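Hello,

Here is the structure I promised to hand over. Have a look at it first, then read my notes below.

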Amino acid sequence: GRGNTAESDKHTIIMALRTLLLLACVWAVAAEETQLSESRSFVLEHLIGQEWEERGEIFLKSLSSAKATVSQKISTQALDFLHEQAEARGAYRLRLFARNAPEHVVLAHTDACAFFASDLQDAISLHLDAEGQPIAFDVSHGVTCKPTTNPARKDKAPHTHVAVQTARPGPKPFLDDLQAEVERRRQEASGEVPQEKSFLQKYWMYLLPVLVMMFLKGPEPPAQGAAPAAPAS
């Protein structure tokens, strides 16, 4: 009858919605896993005289990894300049950017003397945002130069250890509250009167999951063996 057809159609819609929600969850998890598993390549450059020269490349297998591999080589001219900087107790300036996004450049500097005193060894701590773009990086050598230190000239490639820290995005409701607070202060500063939000506008993000679960659950089936209600006289 019509009742059975309507009940069957409702059951089909509920099953379809459940399937869509499941697929959406799977897609979201797969998208996040894909982003975390994508490799990244970063260019490391140092300032030689007035020109930036590529020193090497840092390769990160995935954003979920905390370690990276480095391929690098310093030219003889660069070593000559850096050794002069070391003897003069000058700075050693470096910069880093993603190979696919050279416009996002982060800078760092260290002691040229410590670079040679450490036998051309350094440690880089690289900080990335959730998209895999560099936010900052630090360079250290584990040694310090004293006034009596004589940084010996070295003719070899440096040895670098890289540690990576990747940021994770925070919960979105917090960002919504922060944006609302910024907008409220902007309106107060400009003399605008903020409009009061309704109950649904304020709490829709908390009510929506409850309503969806209630809809997906559907009506409870009648107990088996229960007698049908008597028709009204």
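Which residue takes a positive phi in the hairpin of E6 and E7? That residue is Gly132, with a phi near 90°. The hairpin has five residues between its strands. Please keep in mind that this is a predicted model.

Now the strands around that hairpin. E6 and E7 run antiparallel and are joined by six bridges.

Next, the two faces of E6, which spans residues 121–128. In a regular strand, side chains alternate between the two faces of the sheet. The covered face of E6 carries Asp122, Ile124, Leu126 and Leu128. Gln121, Ala123, Ser125 and His127 make up the uncovered face.

Last, the disulfide. The count is one. Cys113 is joined to Cys145, with an S to S distance of 1.9 Å. The torsion about the S-S bond is about -90°, so this disulfide is left-handed. Cys113 sits in helix H3 (residues 112–117), while Cys145 is in the loop between strands E7 (134–140) and E8 (159–166). The pair therefore ties together parts that are 32 residues apart in sequence. Both Cys113 and Cys145 are buried.

Best wishes

Notes:
Residues numbered from 1 in each chain as written. Predicted model: local features only at pLDDT ≥ 70, side-chain atom pairs only at ≥ 80, totals over all residues. Heavy atoms only, no water. Disulfide = S-S within 2.5 Å. Helix = DSSP H or I, 4+ residues; strand = E, 2+ residues; numbered from the N terminus. Buried < 20%, exposed > 50% of the residue type's maximum accessible area, 1.4 Å probe, protein only. Pairing = 2+ DSSP bridges.
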